[in-house]
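Morning, everyone. I have a few minutes on one structure, so please have the viewer open. Here it is.

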Amino acid sequence: MDAQIAVYVHLPWCVRKCPYCDFNSHAAPAAIPEDAYVAALLADLDGDLDLAAGREVASIFLGGGTPSLFGAPAIAALFRGVAERLPFAADVEITMEANPGTVEHGRFEAYAEAGINRVSLGAQSFDAKMLDALGRIHGPDEIGAAVGELRSAGIANFNLDLMYALPGQTREGACADLQSAIALGPAHLSQYQLTLEPGTAFFHRPPRLPDDDTALEMQLDCQRLLAAHGYAQYEISAYAQAGRQCRHNLNYWRFGDYLGIGAGAHGKATVDGAVIRTEKVRSPRLYLQGGGGMGGQRHPVPAGELPFEFMLNTLRLAEGFTLAVFERMTGLSAAAVLPTLRKLAGRGLMAESGETWVPTERGFRFLNDLQEAFLSDQTAVPAPRELYTAPSRFAPERDFRHIVSEMP
Ligand SMILES: C[S@@+](CC[C@H](N)C(=O)[O-])C[C@H]1O[C@@H](n2cnc3c(N)ncnc32)[C@H](O)[C@@H]1O
Ligand code: SF4
């Protein structure tokens, strides 16, 4: 068991719901019940403390929804409450997701004072027409203004989220978006292909999107541009300047443990060698009514599902993994995955370099095939379907089973 643990906090409200978004996010009421929600979060955390006994907090991530809708006093109260319950690592990374449409002057200074030392801004695009088509509440200028606010608050460690393969977007348009993002000098860039998610407005009335071949060309163009500007790809959709990888997300992808508090949050913890998943009640109203903690569930992950769960995360990483890490993180023998890894290597989807196993470039392109190969304790790898896998976002408030059901 690691000496450290991460904490994910879900804040479920947004100014309005974007038509492409299937996160557990909801149009905010006239007044967000900030104090009641923070109290519920801390009660929720109390219920999870047994999972974190003897461990210190390496990172906290406030995700959403739009956490930047909460005022700094509520955020400061939340961190005080967490610190009363769990020790923080000296170099704790504390990230907040923010929407550029919600950051008036002075807001980031107050957040920094509360303890935020990393911000992830949802930029999505720098083209006013695209932002409009995506139903965003901000224009391109507000992204630049938000970055100015970040810099004046001394938060140089920030990420920009971009999406590509947008309605009517051209390859040139996708590159121009990325150029605009790079010009703002973020420490980190996340690039997601826009996907049509069940239950969203776009799913029911799909806009015309670039086809898969064009999306792949866009991705390759953008990867070249990012590399040329010193952003190294370390995960299927994440790029960073040297030393600026997101430690919180790296922990998910390395199959590390994390507590998940807030409406619909998911967590994972290893207790006495067993991997446990936690899941909190999804509706913000019911979550608040139950005062947090109530209605949460715990499920031990059956041993037969651990190879898939491990691979669902680690195969996203450019650094790959070693079998020793697989054994340590799952408690299983390497024999549970070695035959499958060898078959995938034979097909040119995985490569072995010394002790490390890494997806090949082709493997990354067909990541779903790779992950599916570990779905059960099957020894026969299913025939490759070679369906292009869009670089998508892994989010702990999304159920991993939902990701499986999304697989083509
Ligand atoms: C919780 S939001 C980030 C913060 C804030 N809510 C915002 O949108 O500005 C997480 C990110 O997921 C990405 N995302 C959401 N829905 C997506 C979809 N259908 N396809 C691709 N990326 C998506 C967007 O880039 C978004 O910034
Ligand atoms: S993309 Fe962000 S702002 Fe839009 S609904 Fe989803 S969580 Fe809210």
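Start with the largest nonpolar core. This is a predicted model, and in it that core holds 65 residues. Leu 62, Ile 75 and Phe 108 touch the most other members. Which helix gives this core its largest share? Helix H2, residues 72-85, with seven residues.

In soluble globular proteins, nonpolar side chains tend to be buried together.

Back to Ile 75. Set aside the neighbours within four places in sequence. What is Ile 75 in contact with then? Leu 11, Leu 62, Phe 70, Met 96, Tyr 111, Ala 114 and Ile 116.

Next, ligand 2. The space that ligand 2 takes up is the largest cavity. Around ligand 2 you find Cys 14, Arg 16, Lys 17, Cys 18, Tyr 20 and Cys 21, among others.

Gly 65 is in the loop between strand S4, 56-64, and H2. The peptide bond running from Gly 64 to Gly 65 is cis, and its omega is near 15°. For background, most peptide bonds are trans, and most residues other than glycine have a negative phi.

Take Phe 255. Its phi is near 65°. Phe 255 sits in the loop between helix H9, 247-253, and strand S11, 258-262. Then Asp 272, where phi is near 50°. Asp 272 is in the loop between strand S12, 266-271, and strand S13, 274-279.

Buried or exposed, these two? Phe 255 has a relative accessible area of 1%, so it counts as buried. Asp 272 comes in at 81% relative accessibility, so it counts as exposed; the cut-off for exposed is over 50%.

Last stop, His 10. You will find His 10 in strand S1, residues 4-11. Its relative accessibility is 0%, so His 10 is buried; buried means under 20%. Now look across to Ser 68. His 10 and Ser 68 are 58 residues apart along the chain, and their C-alpha atoms are separated by 12 Å.

That's my tour. Over to you.

Terms used: Residues numbered from 1 in each chain as written. Chains lettered and ligands numbered in written order. Predicted model: local features only at pLDDT ≥ 70, side-chain atom pairs only at ≥ 80, totals over all residues. Heavy atoms only, no water. Core = buried A, V, L, I, M, F, W, Y, C linked by side-chain atoms within 4.5 Å. Buried < 20%, exposed > 50% of the residue type's maximum accessible area, 1.4 Å probe, protein only. Helix = DSSP H or I, 4+ residues; strand = E, 2+ residues; numbered from the N terminus. Contact = heavy atoms within 4.5 Å. Near = heavy atom within 4 Å. 1 Å grid on protein atoms, 1.4 Å probe; cavity = no way out; pocket = protein on both sides within 12 Å on 5 of 7 lines; lining within 4 Å. Sits in = over half its atoms within 2 Å of the grid points.
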